[in-house]
Amino acid sequence: MKLSKKAGNISPSITLAITAKANELKSQGVDVVSFGAGEPDFNTPENIIQAAIKAMHDGKTKYTPAGGLLELKQTICKKFEADNGLEYKPSQITVSTGAKQSLANVFMATLNPGDEVLVPVPYWVSYPELVKLADGVPVFVETSKENSYKYTISDLEKALTSNTKALLLNSPNNPTGTIYHEEELLEIANFAKKHDLLIVSDEIYEKLIYDGENHISIAALNEDAYNRTIVINGVSKTYAMTGWRLGYAAASEEITKLMTSIQSHMTSNVNTIAQYATIEALNGPVEELNNMIKEFENRRNFMIYKLEKLNEVSIIRPSGAFYVMVNISAYLNTTFKDQDINNSVDFARVLLEEEKVAVIPGAGFGLDDYIRLSYATSMDIIENGIDRISTFLSKIK
């Protein structure tokens with residue numbers, strides 16, 4: 001029997017694979033330090049948990065409209081206006097099972113076979129696979145270290161073809177933590193207007209920003225950018241709600257209608273209790289959120305301090321999210337205990353075996369000379385883990 005060629009063409013998530021292996025070792029009693037997971041180690045704030053419990057006690061456990069509760073959509077609209085200066089109507093909002101499903105909905109609603117989507121390198125591991133699942137073609141746009149791995153118009157022009165349908169923007173970026181500033185966003189918006197492209201703007205890390213930086217949504221720049229942009233967001237990172245699985249998209253009514261129709265057949269509504277919890281998250285106090293951001297900034301600074309002491313490595317200094325990309329090219333094309341370390345996947349595998357430290361290979365993001373470390377973990381774990389990496393580096397070179 002021949003199974004789906006499309007499914008066979010999809011690569012499994014390296015991030016989830018590494019995390020699963022680390023968890024397997026932990027379950028066996030192995031002392032593993034994990035820098036893999038892209039989720040806060042804080043628990044969901046208590047007011048959000050209590051809102052979920054109340055919803056269950058109040059009998060709010062039934063189906064909702066496929067695209068989300070009206071009350072939640074109204075709350076999301078208020079959030080966009082307050083945080084981003086964007087005016088949307090509930091009919092422009094689709095609530096989905098995480099921002100990942102929001103992205104899947106967008107690509108299925110907008111792409112036809114052969115349509116190309118510009119994807120910056122480095123990229124979040126699921127972007128190209130989600131495009132392929134929607135019969136689109138991911139076109140990788142090479143960016144440069146000199147430009148903090150952000151798009152330039154020259155980069156975009158080189159990748160443009162007659163089949164280009166959309167470009168993907170992620171700020172703050174996973175995995176680099178870089179942030180696009182207003183003048184850069186305006187150039188991208190003008191490029192999209194010139195070539196009549198959709199903009200898919202993934203803003204899931206918008207609150208996790210440091211060094212006094214500000215997040216600007218490209219959709220807020222002008223009317224044209226607003227009309228051609230689909231904004232993706234959610235509560236997973238900001239409110240430590242990764243397991244609640246709730247994301248949302250804002251777009252034109254035409255695209256929103258298509259996304260909602262697709263979702264109605266794929267999954268129907270998002271978990272109803274999670275929707276009520278999200279209403280509380282977006283309306284409730286922000287003290288715990290602010291404390292979490294301060295702690296992430298402290299951890300980032302400490303991780304950078306530790307990494308800069310390592311021999312022959314360099315980093316991409318992040319201004320947002322909770323990752324650091326570490327250049328380990330000086331340690332590639334080596335051999336350790338008869339094992340070749342030719343790329344980031346080899347490096348991550350041998351590091352996990354030898355020192356019990358889990359990192360994400362840069363190959364999954366299109367940067368094979370790098371590994372990604374998450375600082376969404378405690379100071380003690382950061383110190384212990386980087387000390388182990390230092391020991392590993394001293395062994396292989």
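Domain bounds here come from an automatic or database domain assignment. Please keep in mind that this is a predicted model.

**Exercise 1. The two domains**

Find which residue ranges the domain assignment gives, then describe the contact between the domains.

*Solution.* 
Step 1: The assignment gives domain 1 as 5–43 + 288–395 and domain 2 as 62–284.
Step 2: Taken over C-alpha atoms, the centres of domain 1 and domain 2 are separated by 26 Å. Domain 1 brings 35 residues to the contact and domain 2 brings 32 residues.
Step 3: About 2,800 Å² is buried between domain 1 and domain 2, and carbon and sulfur atoms give 59% of that area.
Step 4: Now look at the domain 1 side. Lys6, Ser319 and Phe365 supply 19% of the area that domain 1 buries against domain 2, which is more than any other three residues.

**Exercise 2. α5 against α6**

Classify the packing of helix α5 (residues 98–110) and helix α6 (residues 126–133) from the angle between their axes.

*Solution.* 
Step 1: The two axes come within 8 Å and cross at roughly 40 degrees.
Step 2: Angles under 35 degrees count as roughly parallel, and 65 to 115 as roughly perpendicular. α5 and α6 are therefore oblique to each other.
Step 3: The handedness of the α5 and α6 crossing is right-handed.
Step 4: On the α5 side, Lys100, Leu103, Ala104 and Phe107 take part, and they meet Ser126, Tyr127, Leu130 and Val131 of α6. Sorted by class, the residues of this contact of α5 with α6 are six nonpolar, one polar and one charged.

**Exercise 3. Two partners of α14**

Helix α14 (residues 379–396) packs with helix α13 (residues 344–355), and its axis also crosses that of helix α12 (residues 287–307). Work out the orientation of each pair from its angle.

*Solution.* 
Step 1: For α13 and α14, the angle is about 110 degrees, with the axes 10 Å apart. α13 and α14 are therefore roughly perpendicular to each other.
Step 2: Phe347, Val350, Leu351, Glu354 and Glu355 of α13 meet residues of α14, including Arg388, Ile389, Phe392 and Ile396. The contact of α13 with α14 divides into seven nonpolar, one polar and four charged residues.
Step 3: For α12 and α14, the axes come within 10 Å and cross at roughly 20 degrees. α12 and α14 are therefore roughly parallel to each other, and α12 passes α14 in a right-handed crossing.
Step 4: Among the α12 residues in this contact are Glu295, Arg299, Phe302 and Met303, while Met379, Ile382, Glu383, Ile386 and Asp387 come from α14. By class, the contact of α12 with α14 has six nonpolar, one polar and five charged residues.

**Exercise 4. Backbone checks**

Is the peptide bond from valine 121 to proline 122 cis or trans?

*Solution.* 
Step 1: Start from the background: most residues other than glycine have a negative phi, and most peptide bonds are trans.
Step 2: Omega is near 5 degrees for valine 121 to proline 122, and the bond is cis. Proline 122 sits in the loop between β3 (116–121) and α6.
Step 3: Proline 172 belongs to the loop between β5 (164–170) and α8 (182–195).

Terms used: Residues are numbered from 1 along each chain as its sequence is written. This is a predicted model: local features need pLDDT of at least 70, side-chain atom pairs count only at pLDDT 80 or more; totals for chains, interfaces and linings use all residues. Side-chain values use heavy atoms; hydrogens and water are left out. Axes are lines fitted to C-alpha atoms, for helices over the stretch in contact, and angles run from 0 to 180 degrees between N-to-C directions. Helices (H or I, at least four residues) and strands (E, at least two) are DSSP runs, numbered from the N terminus. Angles under 35 degrees count as roughly parallel, over 145 as roughly antiparallel, 65 to 115 as roughly perpendicular and the rest as oblique. A crossing is left-handed if the near helix is turned anticlockwise from the far one by less than a right angle, and right-handed if clockwise. Contact means heavy atoms within 4.5 Å. Ala, Val, Leu, Ile, Met, Phe, Trp, Tyr, Cys and Pro count as nonpolar, Asp, Glu, Lys and Arg as charged, and the others, Gly among them, as polar. Buried area is the accessible area (1.4 Å probe) that two parts lose on being put together, summed over both.
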